[in-house]
Amino acid sequence: MAKGDVHDAEWRTFNHPETGVKVTQLTNHRGHTTHLYFTNPGWYAGGSKLLVSSDRNNVPNLYGVDLRDGRITQLTDLPSFSPSAEVQFMHSGTNPVREEAYYWYGTRLHALDLVTLRERVLYETPPGFRARTVNVTADGRYVCTNVFEDVADRLSIEMSDRGVRIDQTFDLRPLSRVVRVPTDGGPEEVVLEDKRWLNHVNTSPKLPHILTYCHEGPWYKVEHRIWGLDMRTGETWKIRPQAPGERVGHEYWLADGEHIGYHGWRKGESPFFGSVRFDNNERTEAPLSQGSMHFHSNDLSMIVGDGSKSEQQLRLWRFHEDGWHGPRILLTHRCSFHIGTNHVHPRLTPDGAQVLFTSDHVGYANVYLADLPDFDSLPAYEPPGQTATAR
């Protein structure tokens, strides 16, 4: 199997037995297949195709799922897995103005033409650095990414132990950089450098000069997580300043490209969800009766969350003037959250009609789309041990 090979459709459609919601399983393979991280839109070809990462044949590669007929095209042809050539397909990005995607393979940032499947190397990290996220500016001119000092040899555990790895990497304060790389080729530009762990570089889908990044680490240790950066001036600032005792994060851009969604909690209080304009104006925030590990929305009309390891539900909230109503239960996803790629990472489709998510409830991770019915038709959340009923 090689780049350009087209596989027969694997999809199947069923009504979820719990809520009757229509679900389309896009992939069905004995090897993990996941969609991109919830901050990285993976649609291309006018929204008719979707990027996914799959470990078919024991080698991770990018694939494109045709949402019209279900056929799956292999887009990359990487050699057998090597620990020295880490693949970051989950954090790949697409260009909003042309059919091109970008991904990290080891220390090299690749550009992939999604029509011809030709590839170019745009950038290579300096010696002793690792790479992470990829996002593209709204004008399609730059890939923005983060690289940071490789401290793996100073960690006391295997890199696969995610929780401990994050804690120890935070304490080591690796030298980190936010880098802007021209998509047409040319020298990179370091737009920010700091002696702390910088991560999750997310470009505005509207403003080519604005991005967010985070101070990565355990939320209870990070003094402030969400930051903005103006790449024209180098100005950087706190977004949604945190009060003592608050934990706020998992930030993402709303579809308007000006507002940022986030969630958080305060000790002894209910979790909350909110959004704020990148300049800290127009802040809207309200408590949630139940939380989730990740959230996504296109705007503030409705948000989707993925529940928790113990309550494995896709949950929906609807916003009214008096706050968030819900959650209503879309379905039980039964995802394990065992490793980072096997997280649900739900996100609404651009038209707001479906929820894209990953689940490994059959043993291997696969990619699903769930239709969104009328909010009031769904069962309301009930605490464990009680029966959920619509109301």
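This report walks through some strands, a sheet and several aromatic rings of the structure above. The model is a predicted one, so please read each value as computed from that prediction.

## A strand wrapped up by its surroundings

Let's begin with strand E18, which covers residues 210-215. Are its residues buried or exposed? Six of the six are buried, so the strand is largely enclosed by the rest of the structure.

Which strands does E18 pair with? One partner is E17 (residues 198-203), which pairs with E18 in the antiparallel sense over four bridges. A hairpin of six residues joins E17 to E18. Another partner is strand E19 (residues 226-230), which runs antiparallel to E18 and is joined to it by five bridges.

As background, strands of a sheet pair through backbone hydrogen bonds, either parallel or antiparallel.

## An open sheet of four strands

Now move along the chain to an open sheet. Its four strands come in the order E21-E22-E23-E24, with antiparallel pairing. Which strands stand at the edges? They are E21 (246-253) and E24 (284-287); each has a single partner strand, so one side of each is left without a neighbour in the sheet. On average, neighbouring strands of this sheet are turned by 20° against each other, direction ignored.

Six bridges join it to strand E22 (residues 259-266), and the two run antiparallel. Within this pairing, valine 276 in E23 is the bridge partner of isoleucine 260. E22 and E23 form a hairpin with five residues between them, and glycine 268 in the turn has a positive phi of about 80°.

E23 also pairs with E24, again in the antiparallel sense, over four bridges. Here phenylalanine 273 has alanine 286 in E24 as its bridge partner. The hairpin of E23 and E24 has six residues between the strands, and asparagine 280 takes a positive phi near 75° there.

How many residues of E23 are buried? Six of its six are, and the strand is mostly covered. Phe272, Gly274 and Val276 point one way from E23, with Phe273, Ser275 and Arg277 pointing the other way.

## Rings that meet

The structure holds 12 aromatic pairs. A pair of aromatic rings is described by the distance of the centres and the angle of the planes. Here are two of the pairs:

| Aromatic pair | Centre to centre | Angle between planes | Type |
|---|---|---|---|
| Phenylalanine 148 and tryptophan 197 | 5.7 Å | 50° | tilted |
| Phenylalanine 319 and tryptophan 324 | 4.8 Å | 65° | edge-to-face |

Where do phenylalanine 148 and tryptophan 197 lie? Phenylalanine 148 is in strand E14 (residues 142-149) and tryptophan 197 is in the loop between strand E16 (189-194) and E17, so the pair ties together parts that are 49 residues apart in sequence. With a relative accessibility of 8%, phenylalanine 148 counts as buried. Tryptophan 197 is buried too, with a relative accessible area of 6%.

In the other pair, phenylalanine 319 counts as partly exposed at 26% relative accessibility, whereas tryptophan 324 is buried at 10%. The cut-off explains this: buried means under 20% relative accessible area. Both residues belong to one aromatic cluster, formed by Phe273, Phe295, Trp317, Phe319 and Trp324.

The charged end of arginine 180 sits over the ring of tyrosine 142, 4.4 Å from its centre. Likewise, the charged end of arginine 56 sits over the ring of tyrosine 63, at 5.5 Å from the centre.

## A last stop at valine 190

Finally, find valine 190, which has its place in strand E16. At 44% relative accessibility, it counts as partly exposed. Leaving out residues up to four places away in sequence, valine 190 touches Arg177, Val178 and Val179. Valine 190 and asparagine 146 are 44 residues apart in sequence, with 9.4 Å from C-alpha to C-alpha in space.

Key
Residues are numbered from 1 along each chain as its sequence is written. This is a predicted model: local features need pLDDT of at least 70, side-chain atom pairs count only at pLDDT 80 or more; totals for chains, interfaces and linings use all residues. Side-chain values use heavy atoms; hydrogens and water are left out. Buried means under 20% relative accessible area, exposed over 50%, partly exposed in between (1.4 Å probe, protein chains only). Two strands pair if DSSP finds at least two bridges between them. Axes are lines fitted to C-alpha atoms, for helices over the stretch in contact, and angles run from 0 to 180 degrees between N-to-C directions. Rings of Phe, Tyr and Trp (its six-membered ring) pair if their centres lie within 6.5 Å; planes under 30 degrees apart count as stacked, over 60 as edge-to-face and the rest as tilted. A charge sits over a ring if NZ of Lys or CZ of Arg is within 6 Å of the ring centre and within 35 degrees of the ring normal. Contact means heavy atoms within 4.5 Å.
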